[in-house]
Amino acid sequence: MSELTLTVMRLGFLAVLWLFVIVAVQVIRSDLFGTKVNQRTAARRPATPAAAPAGGGHQAPPPQAAPGPGRRRGAPSQLVVVQGSLAGTTVALQGQTITLGRAHDSTIVLDDDYASSRHARIYPDQTGQWTVEDLGSTNGTYLDRQRLTAPTPLQPGMPIRIGRTVIELRK
């Protein structure tokens, strides 16, 4: 083999090696910090006080909250994790958006290999009806064994499955 061919092969191998290292670093970075959220989803997802960005980023105002103290009789008042590593966890529904996922700033942080960083959200619509929406997760969000493809109104007692975690809306 000529010296030129050997040098070109070495440089090619070095380029492939660096490409592998860069891709590996990007995969680790996206796993640690989550993936970028597209602008459409970011504009629709209101910030909860605990999850507000420190940089004071521009966000849309939260949707109308469910009625306060004079809330409808029989309206759901809590979200309960019924299966999974967080079984027994209860979150009071006070008209705020509840985010579900592995991200540390989620309202319910799921320790589940099948959950995405920003997996789903549950929010009250303008009528006070609670709605669940999948946020483009890889493995999907299931409502009573049906995969969600659009925001869907929730009824109390309907199981929401995210990986091995099952969550229910309760009165």
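Is R170 buried, partly exposed or exposed? Keep that residue in mind, as the tour comes back to it at the last stop.

**Before you click**

You're looking at a predicted model, where local features need pLDDT of at least 70, side-chain atom pairs count only at pLDDT 80 or more, and totals for chains, interfaces and linings use all residues. Residues are numbered from 1 along each chain as its sequence is written, and side-chain values use heavy atoms, with hydrogens and water left out.

**Stop 1: the whole chain**

Switch to a cartoon view. The protein chain has 2 helices and 11 strands. Those names come from DSSP runs numbered from the N terminus: helices are H or I with at least four residues, and strands are E with at least two. Trace the chain from the N terminus and you'll pass the elements in the order α-α-β-β-β-β-β-β-β-β-β-β-β.

Now think about burial. Here buried means under 20% relative accessible area, exposed means over 50%, and partly exposed is in between (1.4 Å probe, protein chains only). Of the 171 residues in the protein chain, 32% are buried.

**Stop 2: a nonpolar patch**

Select L11, F13, L14, L17, W18, F20, V21, I22 and V25, and show their surface. Together they make a nonpolar surface patch of about 940 Å². The area comes from the Shrake-Rupley method with a 1.4 Å probe, and for residues only the protein chains shown count as cover. To join a patch, a residue needs over 30% relative accessible area and no salt bridge; nonpolar side chains (Val, Leu, Ile, Met, Phe, Trp, Tyr) are joined within 5 Å, like charges within 9 Å.

Zoom in on V21, one of the patch members. You'll find V21 in helix 1, which covers residues 3-33. V21 counts as partly exposed because its relative accessibility is 35%.

**Stop 3: a glycine in a loop**

Jump to G88, in the loop between strand 1 (78-83) and strand 2 (90-92). With a relative accessibility of 56%, G88 counts as exposed.

**Stop 4**

Most residues other than glycine have a negative phi, and most peptide bonds are trans. Select D144 and R145 with that in mind. D144 isn't a glycine, yet its phi is positive, near 50°. R145 isn't a glycine either, and its phi is positive at about 70°.

Where is D144? Look in the loop between strand 7 (142-143) and strand 8 (146-147). R145 is in the loop between strand 7 and strand 8 too. D144 is partly exposed at 44% relative accessible area, while R145 counts as exposed at 81%.

**Stop 5: R121 and its partners**

Select R121, in strand 5 (residues 120-124). What does its side chain touch? The side chain of R121 makes a polar contact with the side chain of E133 at 2.8 Å. A polar contact is a pair of N or O atoms within 3.5 Å; within protein, one must be able to donate a hydrogen and the other to accept it, and residues adjacent in sequence count only if both atoms are side-chain atoms.

Now show Y123: R121 lies over its face, 4.1 Å from the ring centre. For that, NZ of Lys or CZ of Arg must be within 6 Å of the ring centre and within 35 degrees of the ring normal.

**Stop 6: the salt bridges**

Side chains of opposite charge can pair when their charged atoms come close. In a salt bridge, a side-chain nitrogen of Lys or Arg is within 4 Å of a carboxyl oxygen of Asp or Glu. How many turn up in a search of the whole structure? The search finds 3.

- R118 and D105: their closest N and O atoms are 2.7 Å apart. R118 lies in the loop between strand 4 (108-109) and strand 5, and D105 in the loop between strand 3 (98-101) and strand 4, so the pair ties together parts 13 residues apart in sequence. R118 is partly exposed at 29%, and D105 is partly exposed at 28%.
- E133 is buried at 8% relative accessible area.
- R170 and E168: their side chains meet at 3.1 Å, N to O. Back to the opening question: R170 is partly exposed, with a relative accessible area of 33%. E168 is buried, at 16%.
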